[in-house]
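Thanks for coming. I will go through the spaces in this structure and then its ligand.

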Amino acid sequence: MTRRLTVAQALVEFLAHQYTERDGHRHRLIGACWGIFGHGNVAGLGQALVQAGRHTMPYLQGRNEQAMVHAATAYARQRNRLSAQAVTTSIGPGATNLVTGAALATVNRLPVLLLPGDAFATRPADPVLQQLESPYAGDLSVNDALRPVSRWFDRVHRPEALIPAALQAVRVLTDPVETGAVTLALPQDVQTEAWDWPEQFFADRVWHVRRPAPDAGELDRAARAVRAARRPVIVAGGGVHHSEAEDALRELADATGIPVASTQAGKGSLRHDHPADVGGVGHTGTAVADDLARTADLVIGVGTRYTDFTTASGTLFADPAVRFVNLNVAACDAHKMAALPLVADARTGLAALTGALAGHHVAPEYEGEYTAGKQAWQAVVDAAYAAPDPGARPTQSQLLGALDAVVGDDDVVINAAGSLPGDLHRLWRSRSPRQYHVEYGYSCMGYEIPAAIGVRLAAPDRPVWALVGDGTYLMMPTEIVTAVQEGLPVNLVLVQNHGYASIGGLSRQVGAEGHGTAYRFRDPDGGYTGDPLPVDLAANAASLGMDVLRADTVAQLRDALAAARASDRPTCVHVETAPATGATPGAQAWWDVPVAATATRPAAVEAREHYEREVAARRRPL
Ligand SMILES: Cc1ncc(C[n+]2csc(CCOP(=O)(O)OP(=O)(O)O)c2C)c(N)n1
Ligand SMILES: [Mg+2]
């Protein structure tokens, strides 16, 4: 039995029949297909999607290809990687706009299926509109730029090649180790070619997402190391969420009293008020977590990649005798930091470790020490959140305090770049898994608004907040239109501070004097130190269709946030923040940003002296 369809029609039909299964629950793998059409996909995938209809494959219209990938990636994150979305583009610029989104997905180990159009396979006219010509390679196209940022890349030159290509694509999307951006480049002529497909290709196919159990020897060595440790600390990464291992982690913490610090991706693995939760760790961590990390004799990494923010650029885990046990489904992560590897699914591995540690508990003095540290940090958060003068302009940490007072357990808070990730990691009180949605693998300005759409599509009952700096807003406000079009009541908190404040601070620290980081008019000497620019981002958001509430004071901000949460329309709260005060805690650990080794200006010379002292204290991670 065969069915005659075009390549694009066959691909859509195939994707509509792919499912994942984990823990007895079945999920549709590809929930929808985003697309912007051009000559490279309109007659192929465009026609196929309209023919399939919205029940077979829902179509979502975006404004910018990068943003569509962000929305799809956030969707997959919120769905614990059990569902994903596809993104179709034309050839040329539509395709290359995917690159940043693909990198973000791959860095964060999140599945997204990219379907860029490609130049004709049959080459009736070379070059076609938007085709890249290379003097040395006839088979090169701009889509090759997607290879390094894809976990699977294939170009379907002939109709029948779609079958193995599509199966491999789904294998990678659903593999907990391999997953990331998956690209099927589809030449525009091939998309429209017909073929007699075996019916079997369109049968329901269930991809069982495995939960590999640990090797007995690895488990035994890990358990011995934990039992021998006096100051163990768990570093919970994004893998805890991907694996839905939050309960298993809590059971291990309850049974053993081992404190749990978390990376940006792992925050919320335990509720903030769980006695073992010591909050964020690393450059943007809490004092209590970082002190524990500095003095730990054993670090138990669970589902973490150990980025430089987590390790404070290799300076945080400072005990010369510190050892690592890494529970990770990916062997490449399990072996980082010269660790004892425990290669397994996070949930399965945590449960096994809890079993192997039966009867073991950390010393009461150690528990008492971090409990006191946790209380001290709570007081720091309270002080940072407190806004005694309701008539004053809020600082950014007071803004987070106001948001903290408004949200419930189900709200999702999204951010990716600027000064907010640090404040959020240090201060935010996570109340449920997947409430804290900070993308800090790629830290991509512009992720937040499309991500809010993806999260809302994945979790229609959860109120969603995109926290966005003015710089980030200007980089990618486009998908506001999509939220309005789809009737998604996403909330946007637009933080106006007239420039790239975070980088301004960093720039001053590293001797670059804040150059080019403020949004101000050019002065006669050529610098940007004139008046602030007369931009009205609130008016901009309103012009794209959002309801807008302007808050100039703490009191107005509280009202606006409450009104936004109650509204069933996409709503923007625009707030101009005051500079941070002493109440907002800063970095508790170092981060390596190299400073000019020679300079003519004193700021850089001084910064270099400071930098060399820090570098001298660094212990190189293995
Ligand atoms: C796409 C992208 N370009 C550049 C950067 C580098 N970068 C990190 S934060 C930042 C400034 C962000 O400005 P804004 O959103 O206004 O936040 P603020 O720093 O003012 O809190 C920049 C330029 C980035 N993370 N992403
Ligand atoms: Mg800013």
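Which residues line the largest cavity? Before the answer, the ground rules. This is a predicted model, in which local features need pLDDT of at least 70 and side-chain atom pairs count only at pLDDT 80 or more, while totals for chains, interfaces and linings use all residues. Residues are numbered from 1 along each chain as its sequence is written, chains are lettered from A and ligands numbered from 1 in the order in which they are written, and side-chain values use heavy atoms, with hydrogens and water left out.

Now the answer. The lining of the largest cavity consists of Ile 91, Gly 92, Gly 117, Asp 118, Ala 119, Gln 130, Gln 131, Leu 132, Leu 140, Ser 141, Val 142 and Asn 143. On a 1 Å grid over the protein atoms alone, a cavity is a set of points where a 1.4 Å probe fits but cannot get out; a pocket is an open set with protein on both sides within 12 Å along at least five of seven lines; and lining residues have an atom within 4 Å of a point. The volume of the largest cavity is about 80 Å³. Volume here is the space filled by probe spheres set on the points, which are joined across faces, edges and corners. By class, that lining has five nonpolar residues, six polar and one charged. The classes are: Ala, Val, Leu, Ile, Met, Phe, Trp, Tyr, Cys and Pro nonpolar; Asp, Glu, Lys and Arg charged; the others, Gly among them, polar.

Over the whole structure, the search gives three cavities of 30 Å³ or more.

The largest pocket has a volume of about 1,400 Å³ and 50 lining residues, with Ser 419, Ala 501, Ser 502, Gly 505 and Leu 506 nearest its centre. Two or more lining residues come from each of α16 (396-406), α17 (420-427), α19, α21 and α24 (602-616); helices (H or I, at least four residues) and strands (E, at least two) are DSSP runs, numbered from the N terminus. Of these, α21 gives the largest share, six residues.

The second largest pocket comes to about 640 Å³. Among its 42 lining residues, Gly 238, Gly 239, Ala 265, Gly 303 and Arg 305 are closest to the centre. Its lining comprises 15 nonpolar, 17 polar and ten charged residues.

What sits in the largest pocket? Ligand 1 does, by the criterion that more than half of its atoms lie within 2 Å of the grid points. Its shell has 16 residues, the closest being Ser 419, Asp 470, Gly 471, Thr 472 and Ser 502; a residue counts if one of its heavy atoms lies within 4 Å. The largest share of the shell, four residues, belongs to α19.

Finally, polar contacts, meaning pairs of N or O atoms within 3.5 Å. A side-chain N or O atom of Thr 472 is 2.7 Å from an oxygen atom of ligand 1. For Ser 502, a polar side-chain atom is 2.7 Å from a ligand oxygen atom. Ala 501 uses a backbone N or O atom, at 2.9 Å from an oxygen atom of ligand 1. The protein covers 76% of the 580 Å² of accessible area that ligand 1 has on its own, by the Shrake-Rupley method with a 1.4 Å probe.

Key
A polar contact is a pair of N or O atoms within 3.5 Å; within protein, one must be able to donate a hydrogen and the other to accept it, and residues adjacent in sequence count only if both atoms are side-chain atoms.
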